[in-house]
Amino acid sequence: MKKTFLFVDILKAIILFYSTGVSASVPHKTVTSSVNKPVEMVGKKNVEEKFIANLMAKMTLEEKIGQLSQYVGREFLTGPKSGELSDSLLERGMVGSILNVGGVVNLRNIQEENMQKSRLKIPILFAFDVIHGFKTIYPTPLAESCSWDLDLMYRTAKSAAIEASASGIQWTFAPMVDIARDARWGRIVEGAGEDTYLGCKIAEARVKGFQWNLWHPNALIACAKHFAAYGAPQAGRDYAPVDMSNATLAEVYLPPFKACVDAGVQTFMASFNDINGIPATGNKWLLTELLRNRWHFKGFVVSDWNGVIQLKTQAVVEDENDAAALALNSGLDMDMTDGLFNACLANAVQNGSVSVSTIDVAVKRVLSIKYRLGLFDNPYRFFNTERERKVVKNAERMQIAKEAALKSIVLLKNENKTLPLSKSVKKIALIGPLADNQSEVMGSWKACGDEKDVISVYCGLKSKLGTGIKILCVQGCDFSDRSKQGFAEAMKVAQESDIVIAVLGEKALMSGESRSRAFLSLPGVQQQLLDTLKTTGKPIVTVLMNGRPLVLSEVEKASDAILETWFLGTLAGNAIADILVGDYNPSGKLTTSFPRAEGQIPNYYNYKRSGRPGNMEKTSTMRHIDLRNENLYPFGYGLSYTQYRYDNFVCPKTFDDKGKLPVSVNITNTGEYDGEETVQLYVSDLVATMVRPEKELKQFKKVFIPRGQTVRVDIELDARELGYWTNDMEYKLEPGDFAVMIGPNSRDLLCKNVTLKTIPVDLPNKQ
Ligand code: BGC
């Protein structure tokens with residue numbers, strides 16, 4: 001057995017793990033220090049503390065609890081319910097925050113009412129689900145993650161923050177940093193895919209983007225959600241229980257949240273699910289021991305929607321009073337929408353199940369954020385109609401929307417160079433329920449996005465091609481309706497045309513919250529439509545729009561080329577048109593593996609080794625007898641209009657005594673187009689005390705390579721990144737042999753073995 005080094009302190013280990021040797025980091029200024037305190041605030045801390053202490057001395061218990069209560073804006077209410085925002089709540093100072101009301105005028109009205117009616121005039125904090133844009137809609141987060149472009153993700157988050165804050169919003173419930181290994185789970189669309197290393201980098205970029213100018217009225221405070229392991233519900237059903245080993249929790253699901261803390265995120269959201277039997281909303285280990293004591297998170301934690309009352313439905317408490325007390329005592333600071341803190345915490349203080357000092361700690365956290373946002377100086381600071389008019393949907397927003405859409409598209413198949421469209425194409429049959437659709441293209445969580453602003457594929461292509469090329473656009477069929485009435489017309493236009501472009505996929509709300517699916521092929525009769533079109537013998541380009549990996553085995557058979565475009569947002573049609581005609585060379589790479597069939601799920605790439613490795617032809621191996629193990633499209637996969645050759649992979653035989661390993665590879669662009677390639681570096685621990693994955697992404701680099709040219713790519717690997725987490729939640733690094741692999745995706749890799757002889761001397765806390 002190898003010699004073992006244990007890091008007792010989980011915190012230090014994670015800091016070490018995620019702060020070393022990364023080539024793919026966000027090249028922007030860090031806006032906060034690692035202890036969640038803005039640099040410019042350091043000197044002002046005492047003033048802030050005094051202000052808050054004075055204010056709190058004046059507050060009644062009811063008013064304090066009010067600061068911990070968040071409500072939905074009145075205009076979203078359809079009738080009286082527990083979370084209703086009533087005038088009397090405002091008057092009694094019992095509204096700390098309001099969510100999902102947009103527009104400067106609306107927000108100003110509510111704030112004015114609050115300032116007039118409430119006794120202490122504590123400003124309300126306004127939150128909104130600004131997930132991938134506010135009015136200008138960017139690609140959904142899963143789509144955008146396929147760009148592997150951290151700087152881009154920083155910029156779209158920043159741009160969304162500029163736009164939303166100009167509409168009066170101060171706080172977004174984003175980024176969602178839940179790792180998702182199950183395509184059935186609809187919320188996979190909101191995250192960064194299945195890989196933890198990449199997920200951490202993207203989490204950092206998005207937090208820094210939203211909070212780019214933290215505490216100023218053109219930025220938002222961010223929220224790391226859903227803490228934790230919400231992305232691993234059983235059977236992929238949203239809100240289902242989560243049951244997993246501590247090692248998997250620590251190694252796969254927690255690190256992106258830690259990356260958010262390190263990036264200075266100001267708030268967290270507790271998830272709906274339980275983790276190994278303990279609901280996150282009432283989980284003291286999670287919300288206090290880990291988040292506060294070990295990670296030193298200083299902001300506040302909000303529940304998810306009605307998360308507190310759901311403790312009763314999860315039956316870990318008998319009644320609402322116990323639910324509110326359990327949540328607060330566990331470390332939850334703000335109660336979203338169910339009104340339970342307001343309804344129950346004062347009683348809880350009286351009966352001794354909650355202490356005033358626990359309430360005070362939570363209130364201080366909330367008031368501190370309001371203070372830093374400058375709301376006590378000017379509660380209307382974010383409201384400026386002139387600014388709203390100038391920044392919303394302006395040219396800068398649109399330019400970023402187009403760039404993001406272009407970089408998110410993944411080319412999955414391109415037989416016989418079907419794409420880009422040949423100059424000989426004079427007539428195009430553009431067919432499918434998404435061919436000329438504006439509303440679905442925005443995807444789930446479109447915030448205040450307006451479909452009228454969205455460019456459909458038809459419009460994008462028409463404006464790109466002008467009048468010289470004819471586009472015959474028909475719907476062919478609907479999404480879930482099984483009628484084939486439109487097939488005849490679709491066949492007619494296909495037969496008349498030189499090429500068929502079929503724009504198929506899911507409706508926006510077939511993914512997202514509470515939108516789990518058991519069958520992942522194209523919904524409705526879209527596959528039959530595609531198969532029917534195939535009988536024309538015309539080349540078929542399938543343009544897919546969907547919020548999750550689909551099962552594409554049949555689509556692959558019927559298509560000559562496939563573009564995975566996800567949901568690209570406002571400028572989807574322009575970006576897709578650019579790619580179709582070859583004005584932009586696709587460069588996206590999948591951040592989530594595409595299964596051959598639903599039965600393969602979970603089908604993530606970094607599977608652990610089996611004692612009987614999979615081999616479909618061989619009995620008694622880790623296999624299905626009726627399906628190849630390999631994914632249809634692996635993690636990291638994506639084609640280009642050009643081709644790249646990887647060679648001359650240079651990798652020393654051992655790590656140096658500082659634990660570094662400089663590797664390099666030559667990449668030659670052998671095709672006809674300039675292109676951008678994402679070079680991926682994977683590592684496998686060849687012998688370890690615990691069973692390890694066959695490969696894990698450890699670094700990546702994006703490089704632009706002009707056609708005909710060779711680029712040498714250097715990457716430095718750090719041994720500190722090669723450890724793993726045990727079930728005791730200790731980070732362990734063992735010397736020995738590792739395989740280092742480099743290539744264009746997680747399947748096609750050049751490989752060398754390397755030895756880690758000694759643990760680097762500067763490694764702290766080794767035992
Ligand atoms: C979702 C959260 C969201 C919240 C507020 C919940 O149902 O799970 O992700 O931020 O609603 O809209």
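**The ligand and its surroundings**

Reply: By class, the shell around the ligand consists of seven nonpolar, two polar and five charged residues. In this classification Ala, Val, Leu, Ile, Met, Phe, Trp, Tyr, Cys and Pro are nonpolar, Asp, Glu, Lys and Arg are charged, and the others, Gly among them, are polar. The model is predicted: local features require a pLDDT of at least 70 and side-chain atom pairs a pLDDT of 80 or more, while totals for chains, interfaces and linings use all residues. Residues are numbered from 1 along each chain as its sequence is written, and side-chain values use heavy atoms, with hydrogens and water left out.

In total, 14 residues surround the ligand, a residue being counted as near if one of its heavy atoms lies within 4 Å. The closest are Asp 129, Arg 187, Lys 225, His 226 and Asp 304. Polar contacts (pairs of N or O atoms within 3.5 Å; within protein, one must be able to donate a hydrogen and the other to accept it, and residues adjacent in sequence count only if both atoms are side-chain atoms) can be described individually. Asp 129 places a polar side-chain atom 2.4 Å from an oxygen atom of the ligand. For Arg 187, a polar side-chain atom is found 2.6 Å from a ligand oxygen. Glu 513 likewise has a polar side-chain atom 2.8 Å from an oxygen atom of the ligand. On its own the ligand has 310 Å² of accessible area, and the protein covers 95% of this; such areas come from the Shrake-Rupley method with a 1.4 Å probe, and for residues only the protein chains shown count as cover.

Two of the closest residues, Lys 225 and His 226, are joined by a cis peptide bond with omega near -5°. His 226 belongs to strand 6, residues 223–227; helices (H or I, at least four residues) and strands (E, at least two) are DSSP runs, numbered from the N terminus. A cis peptide bond also joins Phe 227 and Ala 228, with omega about 5°. Ala 228 lies in the loop between strand 6 and helix 9 (246–253).

Lys 225 also has its charged end over the ring of Trp 445, 5.4 Å from the ring centre. A charge sits over a ring if NZ of Lys or CZ of Arg is within 6 Å of the ring centre and within 35 degrees of the ring normal. Arg 181 is placed over the face of Tyr 604, 3.6 Å from the ring centre.

Aromatic rings also meet one another. Rings of Phe, Tyr and Trp (its six-membered ring) pair if their centres lie within 6.5 Å; planes under 30 degrees apart count as stacked, over 60 as edge-to-face and the rest as tilted. The count comes to 27 aromatic pairs. In one of them, Trp 148 and Phe 700 have ring centres 5.2 Å apart and planes at 85°, so the pair is edge-to-face. This pair links distant parts of the chain, 552 residues apart: Trp 148 is in the loop between helix 6 (141–145) and helix 7 (150–166), and Phe 700 is in strand 21, residues 696–705. Both residues are buried, a word used for a relative accessible area under 20%, with exposed meaning over 50% and partly exposed in between (1.4 Å probe, protein chains only). The relative accessible area of Trp 148 is 1%, and its phi is near 50°, a positive value in a residue other than glycine. Trp 148 and Phe 700 also form one aromatic cluster with Tyr 197, Tyr 605, Phe 635 and Tyr 682.

Another residue with positive phi is His 296, at about 60°, although it is not a glycine. His 296 is located in the loop between helix 11 (284–294) and strand 10 (300–302). With a relative accessibility of 35%, His 296 is partly exposed.

Ser 610, in the loop between helix 22 (572–581) and strand 18 (644–650), is partly exposed at 25% relative accessible area. A polar side-chain atom of Ser 610 lies 2.8 Å from the backbone nitrogen of Arg 612. Ser 408, in helix 17 (residues 395–408), is buried with a relative accessible area of 0%. A polar side-chain atom of Ser 408 lies 2.6 Å from the backbone oxygen of Ala 404.
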